[in-house]
Amino acid sequence: MKLKLDIDPDIVAMMQAEVAAGERAVTAAMREAGTGLKSAWRLQITGAGLGSRLANSIRSQNFPRSGESLDAAALVWSKAPVIVGAHDTGPLIRSKNGFWLAIPLPAAGKSLRGGRITPGEWERRRGLRLRFVYRRSGPSLLVAEGRLNTKGQAVVSRSKTGRGKVTAPIFLLVPQVKLPKRLDLARDADRALDSVPGLIVANWVDGKFG
């Protein structure tokens with residue numbers, strides 16, 4: 001017995017159209033999921049008080065970069081992964097040389113390079129020497145002899161009589177510090193992943209009846 005199968009050209013066209021619809025739906029779904037995750041992470045970062053600059057380090061990229069595919073994907077990442085990752089995991093930070101971490105107090109002021117000022121930079125800028133003060137019942141200190149300006153920062157005292165001169169705590173010294181966990185990036189990533197099937201279906205239906 002010999003069987004012959006003829007495929008209707010209309011069926012072939014329908015199958016090709018269905019594949020094309022699937023490619024559009026998957027690509028659109030991944031684009032929406034990636035954009036949504038990027039927005040959610042940026043909102044988390046600004047909501048945690050970490051600033052828009054760090055939030056804007058979150059980027060996304062769709063693959064393929066052009067065209068449509070059933071294997072479409074979206075990548076969401078940070079251009080500052082160490083900082084974002086630290087706030088996401090809440091790590092224990094220790095001094096690299098095994099001694100102290102110097103935490104600047106209000107009298108220290110800000111670094112010219114942005115971020116926290118170091119003891120070395122502080123001494124160079126202020127022209128004062130820091131003195132170590134050991135405390136048995138609490139964190140030790142680095143202090144300086146000077147006066148406090150209108151901003152509450154320690155500066156050189158010009159008084160010949162010593163009027164207004166104080167011993168100002170400049171840095172708090174601790175062996176380690178636990179960074180608080182301020183982000184939960186996995187939560188938003190899981191939500192974005194869970195949304196993909198529904199987005200594919202929605203885009204597939206819209207493509208047919210839109």
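R191 is exposed, with a relative accessible area of 53% (exposed means over 50%, buried under 20%, and partly exposed in between, using a 1.4 Å probe and protein chains only). Salt bridges that share partners tie R191, D188 and R187 into one network. Please keep in mind that this is a predicted model, where local features need pLDDT of at least 70, side-chain atom pairs count only at pLDDT 80 or more, and totals for chains, interfaces and linings use all residues. Residues are numbered from 1 along each chain as its sequence is written, and side-chain values use heavy atoms, with hydrogens and water left out.

- Side chains of opposite charge can pair when their charged atoms come close.
- A salt bridge here is a side-chain nitrogen of Lys or Arg within 4 Å of a carboxyl oxygen of Asp or Glu, and the structure holds 6 of them.
- D188 pairs with R187 at 3.5 Å, N to O, and D188 also pairs with R191 at 3.8 Å, N to O.
- D188 and R191 sit 3 residues apart in helix α5 (residues 185-209), so about one helical turn separates them.
- D188 is buried, with 9% relative accessible area, whereas R187 is partly exposed at 36%.
- Helices (H or I, at least four residues) and strands (E, at least two) are DSSP runs, numbered from the N terminus.

- E121 and R125 form another salt bridge, and their closest N and O atoms are 3.8 Å apart.
- These two residues, E121 and R125, are 4 residues apart in helix α4 (residues 119-126), which means that they are separated by about one helical turn.
- E121 is buried at 4% relative accessible area, while R125 is partly exposed at 35%.

- F99, W100, F132 and Y134 make a nonpolar surface patch of about 500 Å².
- Patches are made of residues with over 30% relative accessible area and no salt bridge; like charges are joined within 9 Å, and nonpolar side chains (Val, Leu, Ile, Met, Phe, Trp, Tyr) within 5 Å.
- Accessible areas come from the Shrake-Rupley method with a 1.4 Å probe, and for residues only the protein chains shown count as cover.
- F132 belongs to strand β5 (residues 131-133) and is partly exposed, at 44% relative accessibility.

**Two domains**

- The protein is divided into domain 1 (13-90 + 181-207) and domain 2 (104-178), with bounds that come from an automatic or database domain assignment.
- Taken over C-alpha atoms, the centres of domain 1 and domain 2 are 46 Å apart.
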